[in-house]
Amino acid sequence: MTNFKTLAAAAVLLALPSLGLAQEADVTPPNSEVGFIFTTFMFLVAGFLVFWMAAGFAMLEAGLVRSKNVTMQLTKNIALFSLAAIAYYVIGYNLMYPGDGWTVDGIIGAFSMAALEPVGLEGAEPDLTYASVGSDFFFQLMFCATTASIVSGTLAERIKLWPFLAFVVVLTAFIYPIQASWKWGGGFLDAGGFQDFAGSTVVHSVGGWAALAGALILGPRIGKYKEGRTIPFMGSNLPLATLGTFILWLGWFGFNGGSQLYMDTAGNVADISRIFSNTNTAAAGGSIAALLLTQALYKKVDLTMVLNGALAGLVAITAEPLTPTLGQATLIGAVGGVIVVFAVPMLDKLKIDDVVGAIPVHLIAGIWGTIAVVFTNDAASLGQQLYSIVVVGAFTFVVSFVIWFLLKMTVGIRVGEEEEITGLDMAELGMEAYPEFSKS
């Protein structure tokens with residue numbers, strides 16, 4: 001018994017130093033830092049969900065273009081994201097979020113590179129009521145890149161790679177950040193009461209306006225419109241397009257949920273869960289509306305319309321995913337789905353060739369979603385919403401049109417007729433996505 005007591009005492013003595021070290025290593029954050037930590041974590045998680053949307057756009061576009069152009073779409077999508085990351089860091093971020101450093105107050109932000117806090121926050125005094133600069137930059141960059149992805153699909157199958165990428169640089173460094181600063185950077189539209197929670201106008205309609213300007217300058221694909229008829233060009237891989245849609249649907253939870261901007265109280269966390277639920281049901285509403293409407297109009301369901309109906313529902317709810325009830329969110333999304341079914345043939349009648357349907361989904365449904373805010377958010381007024389839609393739309397369309405026109409007049413933006421018929425994969429890149437199925 002004595003030996004046992006001796007061994008036990010020795011074990012306690014040996015454990016004492018390690019217990020002391022455990023106490024010294026206690027890094028429990030003070031209460032003043034908890035909100036900062038949770039909001040920063042939310043931005044990082046939401047940011048990589050929105051990053052995953054880049055894969056969704058790539059898969060959706062790869063599935064909806066013809067097989068001879070798939071490699072080009074994949075190349076454009078990874079290149080545009082990479083260029084957006086650099087352009088937004090060098091110019092866009094501080095142009096969009098100038099703080100007190102406006103070049104023209106409320107209109108033009110600051111021209112300086114983004115800078116992160118020092119390692120370990122050493123010597124820094126961060127705003128503990130918000131989040132780290134790194135997490136905010138990372139999250140906001142994903143929105144910027146999304147805007148460029150929207151343009152890619154509309155102009156597929158006939159645009160040259162390098163002029164397209166040149167436009168992406170201008171869009172992500174200047175066009176998107178400038179107009180986004182007017183709302184999210186505290187500019188004049190925000191001061192006027194404009195409501196756009198996560199970007200039905202600031203992100204989606206901007207991508208749509210830029211795509212529309214490019215489509216008008218570029219013209220339709222060869223053989224798309226003949227003798228007053230629209231010739232359907234079938235996509236290469238509908239399973240891939242469907243996978244892309246589900247990836248985008250998933251990423252949208254980060255897109256809208258992260259736009260709550262705070263995860264520091266029980267109320268904010270509850271609101272994030274509400275946003276997730278409304279986002280999901282709006283997509284479902286858009287998908288079901290397109291499903292039923294294509295059956296009624298064409299006697300057969302059109303899968304591509306159903307996919308775009310879901311995306312239009314997501315775009316529509318993005319302007320205000322917090323205040324609607326589940327029923328209201330479903331209806332807002334359903335109208336987006338209806339818009340797609342009617343807008344796609346309308347564009348074809350106007351001979352505006354939008355390969356993946358991005359203009360109906362992101363521009364027209366984005367406008368609808370921005371207007372729909374007034375039905376559930378008392379802070380929004382119809383006049384201010386319409387004014388902001390027109391201001392952002394006019395700025396984006398005019399500047400984009402000028403850039404596309406200058407590119408056309410200088411370096412040219414469209415491949416030659418022979419290259420377009422052969423396919424951009426071989427003509428521009430020299431490699432095919434599906435070489436085992438090529439005629440050669």
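Before the details, two notes on the source. The model is predicted, so local features need pLDDT of at least 70 and side-chain atom pairs count only at pLDDT 80 or more, while totals for chains, interfaces and linings use all residues. Residues are numbered from 1 along each chain as its sequence is written, and side-chain values use heavy atoms, with hydrogens and water left out.

Start with the whole chain. It has 15 helices and 2 strands; these are DSSP runs numbered from the N terminus, H or I of at least four residues for helices and E of at least two for strands. The C-alpha trace spans about 105 × 55 × 45 Å along its principal axes. Of the 440 residues, 52% are buried. Buried means under 20% relative accessible area, exposed over 50%, and partly exposed in between, with a 1.4 Å probe and protein chains only.

The largest nonpolar core has 69 residues. Such a core is a set of buried Ala, Val, Leu, Ile, Met, Phe, Trp, Tyr and Cys residues joined through side-chain atoms within 4.5 Å. Helix 2, residues 31-64, gives the most to this core, with 10 residues. Another core lies apart from it, with 32 residues, including Phe164 and Trp404.

Tyr176 is among the residues with the most contacts inside the largest core. Leaving aside neighbours within four places in sequence, its contacts (heavy atoms within 4.5 Å) include Tyr88, Phe143 and Trp184.

On the surface, Leu216, Val398, Phe401, Val402, Phe405, Leu406 and Met409 form a nonpolar patch. Patch residues have over 30% relative accessible area and no salt bridge; nonpolar side chains (Val, Leu, Ile, Met, Phe, Trp, Tyr) are joined within 5 Å, and like charges within 9 Å. A salt bridge is a side-chain nitrogen of Lys or Arg within 4 Å of a carboxyl oxygen of Asp or Glu. Helix 13 supplies the largest share of the patch, 6 residues. Leu216 is found in helix 7, residues 200-218, and is partly exposed at 42%.

Last, Thr376. Where is Thr376 placed? The residue is in the loop between helix 12 (358-372) and helix 13 (382-410). Thr376 is buried, at 17% relative accessible area. Its side chain joins that of Thr323 through a polar contact of 2.8 Å. That term means N or O atoms within 3.5 Å; within protein, one must be able to donate a hydrogen and the other to accept it, and residues adjacent in sequence count only if both atoms are side-chain atoms.

Technical notes: Areas by Shrake-Rupley, 256 points an atom, 1.4 Å probe, with all protein chains shown as cover.
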